[in-house]
Amino acid sequence: MRTTRRTFVQASLAATAAATLLPVSLRAQQGSPTRRAIPSTREEMPIVGLGTWITFNVGNDRALRDECANVMAAFFESGGRMIDSSPMYGSSQPVVGYGHQKLGRPPALFSAEKVWTSSATAGPAQIEQSRRFWGVPKFDLVQVHNLLAWKAHLQTLLQMKAAGTVRYVGITTSEGRRHDLVEQIMRSEPIDFVQFSYNVVDREAETRLLPLAAERGIAVIVNRPFRQGALTNRLKNKPLPEWAAELGVSSWAQLMLKFILSHPAVTVAIPATTRVDHVRENLSAAAGPLPDPAMRQRISAHVQAL
């Protein structure tokens, strides 16, 4: 896998070199992904971000770190902003920091990080270590990862927000776990963001969490949009349905992303990738028409039938 990634990126460098030499502020103007407002402030956010789970966990391998930096360059070039990571993700945090520095610290970056420790008192030190890994003055968003020690950490984050050392606070879960507790926190705590899994086959969030987020004015980050690649792998040899052309898509990934992004309560989806072409493809899903409710049902039924 690593050899394939290195070969791919080396082949892509000639095509991307001219673009990556441009200032990020200029490169971002070349793409115009759809944006949605963060409800608590009305700050607008491109609706496709970049996850780093597994894909950026490449250790100190310089060639692989450079590949991740190239993915970040293509992400910003295509108009992206939010990059999401966690202390749980191995070396992903310092790898993001490496790419951030190599690209000249793009001002477009919206840094989304997490606190992940069972120790209530260890949260501030972990957040500070994460900040040093990223090389940012402060995080835009810090989330309590998978609700671990959530009461203590959320209080820490709310204090940091009040002090101006973080802009937004939130909570996360994944794979459909602990939705009852997520709902409870959404109803009772002043969070800005909630992150959970939602995709064309995992639709439990539609019944409670997505409507509640809209009601409470909480921004939604969607993780596992492709079930960690399982959906795209399952569909890669299947032809797209002819009606997919109505949405201007050219891949299953784009079709499935458009399904997610068309839900009005979703603020941003964060697919992870190791490939420059895939990050551009993902950002392209944020442009052009989004499916209406009838088309959403058609997409979901078609994918589940395959």
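**Figure 1. Overall view of the predicted model.** Of its 306 residues, 56% count as buried. Among contacts with a separation of 6 or more, 78% are made by residues 24 or more positions apart. The protein exposes about 12,800 Å², and carbon and sulfur atoms supply 52% of this area.

**Figure 2. The open sheet of eight strands.** The strands follow the order β3-β4-β5-β6-β7-β8-β9-β10, and their pairing is parallel. At the edges lie β3 (50-51) and β10 (268-269), each of which pairs on one side only. Strand β4 (residues 82-84) is joined to β5 by three bridges in the parallel sense. Within this pairing, I83 has S111 of β5 as its bridge partner.

**Figure 3. Close-up of helix α6.** This helix covers residues 150-163, a total of 14 residues. From its first C-alpha to its last it reaches 20 Å, close to the 20 Å expected at 1.5 Å a residue. Which residues of α6 are buried? They are W150, H153, L154, T156, L157, L158 and M160. In an α-helix, residues three or four places apart point the same way, because there are 3.6 residues a turn. The cover over the buried residues of α6 includes the strands β5 (110-115), β6 (139-144) and β7 (166-172), together with the helices α5 (123-134) and α7 (179-188). Just after α6, G164 adopts a positive phi of about 85°.

**Figure 4. Strand β7 and its two neighbours in the sheet.** Strand β7 is mostly covered, with six of its seven residues buried. With β6 it runs parallel, and five bridges join the two strands. One of the residue pairs here is F139 with its bridge partner V166 in β7. Strand β7 also pairs with β8 (residues 193-197) in the parallel sense, over three bridges. In that pairing, the bridge partner of G170 is F193 of β8.

**Figure 5. Two β-α-β units that include strand β7.** One unit consists of β6, α6 and β7, and its handedness is right-handed. The other consists of β7, α7 and β8, and this unit is likewise right-handed.

**Figure 6. The aromatic cluster of F110, Y168 and F193.** The structure holds seven aromatic pairs. In one of them, F110 and F193 are tilted, with 6.2 Å from centre to centre and 50° between the planes. This pair links distant parts of the chain: F110 belongs to strand β5 and F193 to strand β8, 83 residues apart.

**Figure 7. The aromatic pair of W134 and F139.** Why is this pair edge-to-face? The planes of the two rings stand at 90°, and angles over 60 degrees count as edge-to-face, so the pair belongs to that class. The ring centres of W134 and F139 are 5.5 Å apart. Both W134 and F139 are buried.

Definitions and conventions: Residues numbered from 1 in each chain as written. Predicted model: local features only at pLDDT ≥ 70, side-chain atom pairs only at ≥ 80, totals over all residues. Heavy atoms only, no water. Helix = DSSP H or I, 4+ residues; strand = E, 2+ residues; numbered from the N terminus. Expected span 1.5 Å × (residues − 1). Buried < 20%, exposed > 50% of the residue type's maximum accessible area, 1.4 Å probe, protein only. Contact = heavy atoms within 4.5 Å. Areas by Shrake-Rupley, 256 points an atom, 1.4 Å probe, with all protein chains shown as cover. Pairing = 2+ DSSP bridges. Right-handed = clockwise from strand over helix to strand, strands pointing away. Phe/Tyr/Trp six-rings, centres within 6.5 Å; stacked < 30°, edge-to-face > 60°.
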